[in-house]
Amino acid sequence: MTELTHPLATVPRDELVARAAADPLRPRFHFVSPAGWLNDPNGVAQWDGTYHLFYQYNPEGAFHHRIQWGHATSTDLVTWKDQPVALSAGGPDSTDADGCWSGVLVNDGGTPTIVYSGRHGEHELPCVATGSPDLLSWSKFADNPVIAAPPADLDITAYRDHCVWQEGGRWRQLVGSGIRGCGGTAFLYESADLRTWEYIGPLCIGDSSQGSPTDADWTGTMWECVDLFRADGGAPGQVPDASGASEGDSHVLVFSAWDDGVTHHPLYWTGRYSGDAFEPNALNRLDYGGRYFYAPQSFQDESGRRIMFGWLQEGREADTSVEAGWSGVMSLPRVVSRDSDGSLSFAPVPEVAALRREHVGVTPAMITESTSGPGVVTGVAGPQLDLELELELDPGAVVRLGVLETWDADGTPIEQTAIELSREDASESSGEAVSRGTLRLDRTRSSLEGDVDTDPREGPVPMPGGRVSLRVIVDRSAVEIFANGKPLTARVYPRLGGGGISLDATEGTARVVRFDAWTMGEIFGSERLLFP
Ligand code: DQQ
């Protein structure tokens, strides 16, 4: 039965899954929705051993409208089983008549409980739903919303998304927001039962007059998807571990900077949460890809790891996605840890290695800018790859790793996604040991298509002694890069489908100490259902 209800629903529902599956640019080992639209990760958790990934889902088509909570489960964080939609819009008079926006899953004395933003018209309010013991069927609380309105007497920019934890026998909740004329914020509430909430106040308030909207670390006029956790990975209300996390910057507050409908980028403050306030210390970019790793949400798994997912938005025209029948990719799960300088470090969970298939190890080599042709012949190719490199750059050196390449008859790349690492020159560091560098993504030749985003991305990378551990995950249109733990995520749309790789020094000299490459398998075998 074909049902078209929204003007953008131009692809009949019964064709969406087949269309999406046929798109060669669709990732094969990242989680994607069965078809239609996917955005934020929600309710990420491990419950009785099973990992749960809920996500913002529109099965009507590849556009953002009347969002439902899609659901998938995993026992290994690598392969995912589609489960029935957990939450969908209520009746015309309900708080969530226009969709169930982002939220979290908590364990209320053994009862799985979701706190989410119910949308009605242009507004969102906090709602609650409880789940069956297997988390597969959900009932909404009869008296939603559980908070009737945003704090009175404040002129706010928006109000939605939740972070909920237990502290001192009570529940605490943050709701993301922004105060007009000031900046983004997270409002703090407290409750005994997750149903009745007392407003405490803003946990901290950003300053949107600092910097400009074009800055990669501008904090925006609203904070979406706030996520507060201990710097040692624990929940905010937990007693710190023995590693001294109670000293200094003991907490991390993650948020996605938003302004007037524009999703800018994820950022995090390191600082100290104590009493009813968060005292920010340092502001950091969470992913140098900016909007390509948006609305992240994290949880602590049963082994104590803090694991984060983010939404890899599209970088091609909205109409192209609608016609393709799908939009949005979930990142691979990332382990979050703390670097020696207090900032965060990220790496794909080690479980991802289970997807590795053919392996090629490249012989260690020295590469210099004078080398003609590809500096290193990798002997590996494909649109689904996992690459691990150990590099040593001399001061001033620039190394360029090309992926998803197609060459012309002379060996010149026609399409190439270029990942560049550069180490500062000694002259830039007043003669001190040069331990800084930059990770860059050059997408200017990623696609012969003219209507895809090719803006450059870059960010600083610590490079002690010029050494860089580089991890590059390529999954067709999704690329996740980690240079010494600093991530840069983006989308690329190579039209020619080439999977060539090249590695060169474009300036100076560098050593390739190790280069291991694997082709990667696929995680969705049989045909998927739009409504599992
Ligand atoms: N997406 C959700 C909101 C959230 C935004 C709606 C972030 O709850 O603020 O789908 O991408």
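How far does a polar side-chain atom of Arg160 lie from an oxygen atom of the ligand? The distance is 2.7 Å. The model is predicted, with local features needing pLDDT of at least 70, side-chain atom pairs counting only at pLDDT 80 or more, and totals for chains, interfaces and linings using all residues. Residues are numbered from 1 along each chain as its sequence is written, and side-chain values use heavy atoms, leaving out hydrogens and water.

**View 1. Surroundings of the ligand.** The residues around the ligand (a heavy atom within 4 Å) are Asn39, Asp40, Gln56, His64, Trp101, Ser102, Arg160, Asp161, Glu224, Tyr294, Ala295 and Trp311. Ligand oxygen atoms lie 2.8 Å from a side-chain N or O atom of His64 and 2.5 Å from a polar side-chain atom of Asp161. Of the 310 Å² of accessible area that the ligand has on its own, the protein covers 96% (Shrake-Rupley method, 1.4 Å probe). Two or more residues of the shell come from each of strands E1 (36-47), E5 (100-108), E9 (156-167) and E17 (294-300); strands are DSSP runs of E with at least two residues, helices runs of H or I with at least four, both numbered from the N terminus.

View 2. Glu314 sits in the loop between strand E18 (306-312) and helix H2. Its relative accessibility is 8%, so Glu314 counts as buried (buried is under 20% relative accessible area, exposed over 50%, partly exposed in between; 1.4 Å probe, protein chains only). The side chain of Glu314 has a polar atom 2.8 Å from the backbone nitrogen of Gly328. Between the side chains of Glu314 and Arg491 there is a polar contact of 2.9 Å (N or O atoms within 3.5 Å; within protein, one able to donate a hydrogen and the other to accept it, with residues adjacent in sequence counting only if both atoms are side-chain atoms). Other residues that Glu314 touches (heavy atoms within 4.5 Å) include Arg291, Tyr292 and Trp326.

View 3. Leu16, Val17 and Ala20 are buried in H1 (residues 13-22). The buried residues line one face of the helix because they fall within an arc of 90° seen down its axis (directions from the axis to the C-beta atoms). They pack against helix H2 (318-324) and strand E19 (326-327). Asp14, Ala18 and Ala22, on the other side of H1, are exposed.

View 4. With a disulfide defined as two cysteine sulfur atoms within 2.5 Å, the count is 0. The closest cysteine sulfur to that of Cys100 is in Cys127, at 7.5 Å, too far for a bond. Cys100 is buried, at a relative accessible area of 0%.

Note on methods: Lists of a residue's contacts leave out its neighbours within four places in sequence.
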